[in-house]
Amino acid sequence: MRLRLETFYDEQVLSWSKLLLSILGLWPESHDNLKFFFFATYIICVTALLIVNLLQNMHDAERIMRNITFSFPSVLIVLKNLMFRWKMNQLSSVLEAVRKNVGEGLYQSPAEKCKVIWYNVASTLFATSSATSLFFVPTLYYTIPILSCILSSSGNCTLPYELPARVNLVYEISEMRSYALFCAILMPSSTLLTIGATAADSLLVSLTFYLCGQLSILGHHVKNTDPRSLKYHYEMKVLMVRHAELLRLASILADTFSSLMFVQTMGLIFSLCIVAYQLLMNVESGKGLNEIIHFMIYSAAVVLLAFCYCFLGECLISESVALDWACYSTNWHELPIESVRLLMICIARSRKPLCLTAGKFYIFSLETFGTIMKASMAYLSVLRTIT
């Protein structure tokens, strides 16, 4: 049976984002402070134990890098979600506009349907794939030692009894039972860290791809509106009003996520640098295949995440610029002066493409992806030089 693209289509647009953010109590229209307090407290406690472990192993360079690999993303996740909690109320008007549009129908023709479904499925696949990959990495770290012990044919398995978080400050781990117990206690951190890392990003991706789809539909309407129709001027006014509305929504979205994405971008650069360093050190020292595969998966997940953000920004830029060409492609020289003025306004607005920024420093595009990779490799070179 052939898998169809519509299989992943989310008619409500924001189902995945709402599910993930509701778990954390951060859905803008119905936030739950108690859930968010529990999430923040748990993650901050785990992060604090990671940092304590880092400070107590300052004499061991290998352990320092290994601990930073886990503690640095945890700190970023806490910062991201606190920043999102601070600005999430700005998104209420955007969510209301999306819900109204869903009620009226996102598309009216097969050509429009293809665009809407493509962007919608892209956002769904981002949410599921990023959550799966980011969940797999820390879970693998917890489960491999125990599985190795269980599957050991000799029955004489020696575990290092060393967890990412420094629980030795609370309880001395000296046997398999206590090790497995603390693995079970810390296991929810994988799930909560994954949700914390992907929830706000999932909403950003869903809303941005929604805007891309609506801009594409707007351009399709502009090109295919019959200039000989008696209602042409009225229809063009409706389209210009719709364009202004999409510009407003894009501005709110960019303002809400700008500072958050700056933190995310810096985190991606340094995370990729650290993980690549760990991978190279493991390969050079001849560590076990499990360690190498672990860091290869981690590196791939970070690179994929960086590419997704940049591809997202590229799509928004392309669709906003395409509207400029759609207006110019009409038979504007045959139109009344009033209609030509409307097209000129639309063209003028489209000359400045919509974009996603990271703290007003970076504009997300495929070019920025190259910049992120170059910066990560530059820091990696410096790190290898000084160690």
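1. A handy starting point: a residue is called buried under 20% relative accessible area, exposed over 50%, and partly exposed in between (1.4 Å probe, protein chains only). Methionine 58 is exposed, because its relative accessible area is 51%. This methionine sits in the loop between α2 and α3. Helices here are DSSP runs (H or I, at least four residues; strands are E, at least two), numbered from the N terminus.

2. Before going on, a word on the model. It is predicted, so local features need pLDDT of at least 70 and side-chain atom pairs count only at pLDDT 80 or more, while totals for chains, interfaces and linings use all residues. Residues are numbered from 1 along each chain as its sequence is written, and side-chain values use heavy atoms, with hydrogens and water left out.

3. Methionine 58 also belongs to a nonpolar surface patch of about 430 Å², together with Ile51, Leu55, Val75 and Leu79. Both α2 and α3 (61-87) give the patch at least two residues each. Patch members have over 30% relative accessible area and no salt bridge, with nonpolar side chains (Val, Leu, Ile, Met, Phe, Trp, Tyr) joined within 5 Å and like charges within 9 Å. A salt bridge is a side-chain nitrogen of Lys or Arg within 4 Å of a carboxyl oxygen of Asp or Glu. Accessible areas come from the Shrake-Rupley method with a 1.4 Å probe, and for residues only the protein chains shown count as cover.

4. Now look at α1. Its buried residues are Ser17, Leu20, Leu21 and Leu24. They lie on the same side of α1, because they cover an arc of only 90° around the axis; the arc is that of the directions from the helix axis to the C-beta atoms. Glycine 25 follows α1 and has a positive phi, near 75°.

5. Where is histidine 31? It lies in the loop between α1 (15-24) and α2 (33-56). Histidine 31 counts as partly exposed, because its relative accessibility is 36%. Beyond its neighbours within four places in sequence, histidine 31 is in contact (heavy atoms within 4.5 Å) with Gly25, Arg85, Met88 and Asn89. Arginine 85 is 54 residues away along the chain, yet the two C-alpha atoms are separated by 9.1 Å.

6. Is glutamate 319 buried or exposed? This residue of helix α8 (residues 289-328) counts as buried, because its relative accessibility is 9%. Leaving out residues up to four places away in sequence, glutamate 319 touches Lys115, Tyr119, Cys212, Leu215 and Ser216.
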